[in-house]
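Keep the viewer open as you read.

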Amino acid sequence: MNKTIIIRGGGDLATGTISCLHQCGYQVLVLEIAKPTAIRRSVAFSEAMYDGETEVEGIKARKITQFSEAEACWKDGVIPIICDEKAEAVKAVPHFAFVDAAIAKRNLGTTIDMADYVIGLGPGFTAGVDVDVVIETKRGHRLGRIIREGQAIANTGIPGIIGGYGKERVIHSENAGVFHGIAHIGDLVKKGDLIAKVDDAPVYATLDGVLRGILRDGLPVPEHFKIADIDPRLSERENCFTISDKASAIAGGVLRAICIYENGLRSGEGRK
């Protein structure tokens, strides 16, 4: 059977799924935009788009410029990632599954005919219409569950609660401009500490905690753009550098859906 899966998106949540499928023996090709804006950069394969290669929990991702280079990466045990905003890989690279893991809260153009089996992560997809199944991405009892009819829970715009904090732990730009980071991922910060600037406008820490994520320096940002994430659990600094519980739960849902699909093929049931 074809073991290639194309995944749209290489951010921190997508990285959980990419890592999981790679370790389970699938050949994964990651599609990204030219300048990704992940803030949990220490655990995002999308950083390879800037640095050429990056590593998360011992697994490497390497930027390629041609689809034909993917085979060499797979032979080296490395995950290939390529700039492909229009998902041209769907036509060029033989694959059996496509996963939209951009977590854009909307459909960026994914259709159910992009692979034999198509999965969408989070809001913006309808199971049985534009994807085969949807995986729930909202924290809580349903996180990681497979949705076979309908949609995931709608985006509320309010981050999930960690250590008693929700919206306070995620920082957005107050103005448009060029982002300049001052603090670094893993730093301990106090409420009111200067952690960045957008042009000349200061950005302050909104609570005490560990800086879990911060945007890459030098990127232009619009007003109210997510630029940093603080974890109030001071004792868990090492978590900044490992795939999160949320990403792992989502990855488990994706893997389970793919295994169910493959078992259906073996029993002659076809698409489910």
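## Gly11 and its loop

Gly11 sits in the loop that runs between β1 (4-8) and α1 (12-23). The model you are looking at is predicted. With a relative accessible area of 21%, Gly11 is partly exposed, since the buried class ends under 20%.

Leaving aside residues up to four places away in sequence, Gly11 touches Glu32, Ala38, Ala44 and Ser46.

## Ser46, a buried neighbour

One of the contacts of Gly11 is Ser46, which belongs to the loop between β2 (27-32) and α2 (48-51). Is Ser46 buried or exposed? Its relative accessible area is 1%, so Ser46 is buried.

The contacts of Ser46, again without residues up to four places away in sequence, are Gly10, Gly11, Glu32, Pro36, Ala38 and Ile81.

How many salt bridges does a search of the whole structure find? The search finds 12. One of them joins the side chains of Arg216 and Glu47, with 2.6 Å from N to O. This pair links distant parts of the chain, 169 residues apart: Arg216 is in the loop between β15 (209-214) and β16 (220-221), while Glu47 is in the loop between β2 and α2.

Both Arg216 and Glu47 are buried. The two also take part in a network of salt bridges that links Arg41, Glu47, Asp51 and Arg216.

## Two further charged pairs

Asp245 forms a salt bridge with Arg139, and their closest N and O atoms are 3.6 Å apart. Here, too, distant parts of the chain are linked: Asp245 lies in helix α5 (residues 245-266) and Arg139 in the loop between β8 (133-135) and β9 (146-147), 106 residues apart. Asp245 is exposed, at a relative accessible area of 53%, because the exposed class begins over 50%. Arg139, at 24% relative accessibility, counts as partly exposed.

Asp229 and Arg169 make another salt bridge, with 3.3 Å between the closest N and O atoms. Asp229 lies in strand β17 (residues 226-231) and Arg169 in the loop between β9 and β10 (170-172), so this pair ties together parts that are 60 residues apart in sequence. Asp229 counts as buried at 4% relative accessibility, and Arg169 counts as buried at 5%.

## The whole protein

Zooming out, the secondary structure comes to five helices and 17 strands. The C-alpha atoms fill a box of roughly 60 × 40 × 30 Å along the principal axes. Why does the radius of gyration agree with a compact globule? A compact globule of 272 residues would have a value near 19 Å, and the protein has 19 Å.

Of the 272 residues, 49% count as buried. Among contacts between residues at least 6 apart in sequence, 54% join residues at least 24 apart. The protein exposes about 12,500 Å², of which carbon and sulfur atoms supply 49%. As for charge, there are 33 positive and 36 negative side chains, and the centres of the two sets lie 3 Å apart.

Notes. Residues are numbered from 1 along each chain as its sequence is written. This is a predicted model: local features need pLDDT of at least 70, side-chain atom pairs count only at pLDDT 80 or more; totals for chains, interfaces and linings use all residues. Side-chain values use heavy atoms; hydrogens and water are left out. Helices (H or I, at least four residues) and strands (E, at least two) are DSSP runs, numbered from the N terminus. Buried means under 20% relative accessible area, exposed over 50%, partly exposed in between (1.4 Å probe, protein chains only). Contact means heavy atoms within 4.5 Å. A salt bridge is a side-chain nitrogen of Lys or Arg within 4 Å of a carboxyl oxygen of Asp or Glu. The radius of gyration is taken over C-alpha atoms; the globule rule is 2.2 Å times the number of residues to the power 0.38. Accessible areas come from the Shrake-Rupley method with a 1.4 Å probe; for residues, only the protein chains shown count as cover. Lys and Arg count as positive and Asp and Glu as negative; His and the chain ends are not counted. The place of a charge is taken as NZ of Lys, CZ of Arg, CG of Asp or CD of Glu.
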